[in-house]
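I opened this notebook to record what I looked up in one structure.

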Amino acid sequence: MPDSDALDAYSRTVSSVAAEVTPHVASLGLGRGGGSGVVFADDGYLITNAHVVGRERSGTATFSDGTEVPFRVIGADPLSDLAVVRVRGEAPAPVRFGDADKLVVGQLVVAVGSPLGLAGSVTAGVVSALGRSLPVQTRSAGRVIENVIQTDAALNPGNSGGALADSSGHVVGVNTAVAGIGLGMAVPINSTTRRIIDTLLVEGKVRRAYLGVVGKPAPLPDEVAEHTGQRAGLRVVEVVPSGPAARAGLHAGDLVLSVGRARVSDAQDIQRELFAEVIGTRLPVTVLRNGAMVDVIATPTELPS
C-alpha cells in the first residue's frame, strides 16, 4: 500500500473516532483547576478522575459545541483515581465502553480531552505498554492501580479525566497522568473498574476490604502448575504487621494461589475480591509454602477511606 494511502486510512480512522467521541467529552471547571469528563450513562453522568475533582463538590462542564452546564460530584474513589459527576441539564448520549483487557501493544488509540482548557482536543498514538502500575496515595492509605494503560498519545494538563478510545470508538480508558515526555497513563475500563464506577453511582464511595499484603506475580513450579492448571500466583513480599493477613498466618515468601476460592495471578486478582461484601467475613486463602499447599483463613477489615 502506498504511504499516502496508509496515511489516508490512518487519518480516516482517527477522524472517525474523534467525530464519534468528542461530543461526549466535556471540559470540567472546578475552583482553581479542572480537567475532562466523559458522558458514560444516561441522565448526565460523567466519569472523570478523582484527582480532577479533589475536594470540590460542584463545577461547570463545557462541551465541544460550547454548551455550559453546572454539575455536582456524585462520588470519588481516590484509590482507583475515578470519580462520577452529574450535570444539571441536557447532556449528550453516553459513549460506548470497551474492554481494556482485550487491548494489545501497538494498537491505535485516540485521546480526547481538554488540555489547557481547550475542549474537544484530539491526539492519537498507540498502546505503548500494558500491565503498568500507577502508585496512588490518600491521607490514610496507599495503593497501586494495576494494569494501567501506557500510551504515546500526547497528554497535557487538562487531559486528565478524558477518554482513551480504540479504533472502533469504544472508550477503553480514562486518561489519568502524564508519565513523562511522550508517555501518558490511563485507568483501564474493564470489569473491575466498571464495578467501581457502578458503586460510585449508587453509593458515592467504594468500601474496600483490606488484607495487608504486598506481592508480585511469580510462576508456579511445573508440577504444581500441571496439578492445578494454574501457571502463576502472587508471591508475598511483605505482610503488614498486625493486619488481617498477618493474623491469619501469611508470611513473606508464600505464593498465593487463590483468595476466596478465586484464582490469583497478580495484585489485581486480589483487589477484585476485596470489596465491601467480604469485610468481616472468613475468607479462605490458599498458598504454596515449602512445596505444600496450605489453606489459611483471613478476616478482612475495612480499608480506611
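The entries below follow the order of my look-ups.

**Basis.** I worked from a predicted model, in which local features need pLDDT of at least 70, side-chain atom pairs count only at pLDDT 80 or more, and totals for chains, interfaces and linings use all residues. Residues are numbered from 1 along each chain as its sequence is written, and side-chain values use heavy atoms, without hydrogens and water.

**Cores.** I looked up nonpolar cores, meaning sets of buried Ala, Val, Leu, Ile, Met, Phe, Trp, Tyr and Cys residues joined through side-chain atoms within 4.5 Å. Buried is under 20% relative accessible area, exposed over 50%, and partly exposed in between (1.4 Å probe, protein chains only). The largest core has 32 residues, and I197 is among those with the most contacts inside it. Apart from that core I noted another, of 19 residues, including L211 and V264.

**Salt bridges.** I searched the whole structure for salt bridges (a side-chain nitrogen of Lys or Arg within 4 Å of a carboxyl oxygen of Asp or Glu) and noted seven. In one of them, E277 and R195 meet at 2.2 Å, N to O. E277 lies in the loop between α6 and β18 and R195 in helix α3, so the pair ties together parts 82 residues apart in sequence. Helices (H or I, at least four residues) and strands (E, at least two) are DSSP runs, numbered from the N terminus. I recorded E277 as exposed, at 51% relative accessibility, and R195 as partly exposed, at 30%.

I also noted R207 with E302, their closest N and O atoms 3.1 Å apart.
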